[in-house]
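Open the model in your viewer and keep the sequence panel beside it.

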Amino acid sequence: MNDARYVEHLPIFLEVARLGSFSAAARKLGMVPSSLVRHIDALESALGSRLFIRSTRGLMLTDAGELLLPRAAALLGDITGIRAELSALADTPQGTLRISCLPTFGKTYVLPLLPVLSERCPRLFVDLDLTERQTDPTQEQLDAAIRIGEQKDSGLYASRIATQRWVMCASPGYVARYGRPASLDALPHHRLIARYHKQQPACWAQILSVALMGRCSMVLRCDDFTAQRQAALLGLGIAFLPNWVVGPDIHSGQLRQLLEDPRGEQQGIYLLRPVAKISARLEAFSNLLLHGIGQPPSWE
């Protein structure tokens, strides 16, 4: 292997291997599939091994590809760490900051920060991955990921930025028309707004028994927190949403909190990074995020 530049092809290899197709990886990376094919061809040529079995049914890793996969992820993780540590030496945040988070959280609490961040750090650019998928900051070369719930990634460094609680709420108009439920048992007499996701249960299933769920009327099922909040504001029904989604509306009086979450559940909201040392660009972002959210958070 004489060409050390094969490393530049590894991020492409990881995306293609993870997604299982050139077209899916191309959409994720904003490239054309033929360009990805050329990267893989160049990598296979540099390594002297076939990495994928290509057929009309899709892609499969060869034995060489299976061997390379974890080592490529580790190598890129090391490169990410070195890059972050070198960047941390500079006083001026610069380069590309890569962050992933839930779509609703990103649109509500991250996007509003970017004009200020851009003004303060004109040499800093942002790649924001708004996704429901649990990203891997190490493998995907992210500066950080914002996640909710207790984290099991022992290889990541976590900073807790807030706490999530679930809130049952409805608009004043809905309460005036349908009344306020006195207990969970009264919910079958109400109109409920539910989360719908193929891989996850409806949010109400977290607190209601199967029998009670079967008697409830789901006036709307939707896989987007923002749309559920909007439906609640319009008086469509009762929503069960995180405090960071509806807290400001409750404080302003546009929504009213109804029953308490019977679980009393609290979940941490974390900023996870792949390396111990915080880069200058991530520090600039995290400081602005904490200030924007407030301590304690504005939604509390």
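Begin at the second largest pocket, which holds about 290 Å³ of space. This is a predicted model.

Select Pro11, Leu29, Arg98, Glu140 and Gln141: of the 16 residues that line this pocket, these are the closest to its centre.

Next, colour α1 (10-19) and β3 (95-101). These are the elements that give two or more residues to the lining of the second largest pocket.

Now zoom out and switch to cartoon. The protein chain has 11 helices and 11 strands.

Colour by burial next. The protein chain has 300 residues, and 44% of them count as buried. Then show the surface. The accessible area of the protein chain is about 15500 Å². Carbon and sulfur atoms account for 52% of that area.

Last stop: charge. Select the charged side chains of the protein chain, 32 positive and 28 negative. How far apart do the centres of the two sets lie? The distance between those centres is 6 Å.

To finish, return to the second largest pocket with α1 and β3 still coloured, and view their lining residues in the setting of the whole chain.

Notes. Residues are numbered from 1 along each chain as its sequence is written. This is a predicted model: local features need pLDDT of at least 70, side-chain atom pairs count only at pLDDT 80 or more; totals for chains, interfaces and linings use all residues. Side-chain values use heavy atoms; hydrogens and water are left out. Helices (H or I, at least four residues) and strands (E, at least two) are DSSP runs, numbered from the N terminus. Buried means under 20% relative accessible area, exposed over 50%, partly exposed in between (1.4 Å probe, protein chains only). Accessible areas come from the Shrake-Rupley method with a 1.4 Å probe; for residues, only the protein chains shown count as cover. Lys and Arg count as positive and Asp and Glu as negative; His and the chain ends are not counted. The place of a charge is taken as NZ of Lys, CZ of Arg, CG of Asp or CD of Glu. On a 1 Å grid over the protein atoms alone, a cavity is a set of points where a 1.4 Å probe fits but cannot get out, and a pocket is an open set with protein on both sides within 12 Å along at least five of seven lines; lining residues have an atom within 4 Å of a point. Grid points are joined across faces, edges and corners, and a volume is the space filled by probe spheres set on the points.
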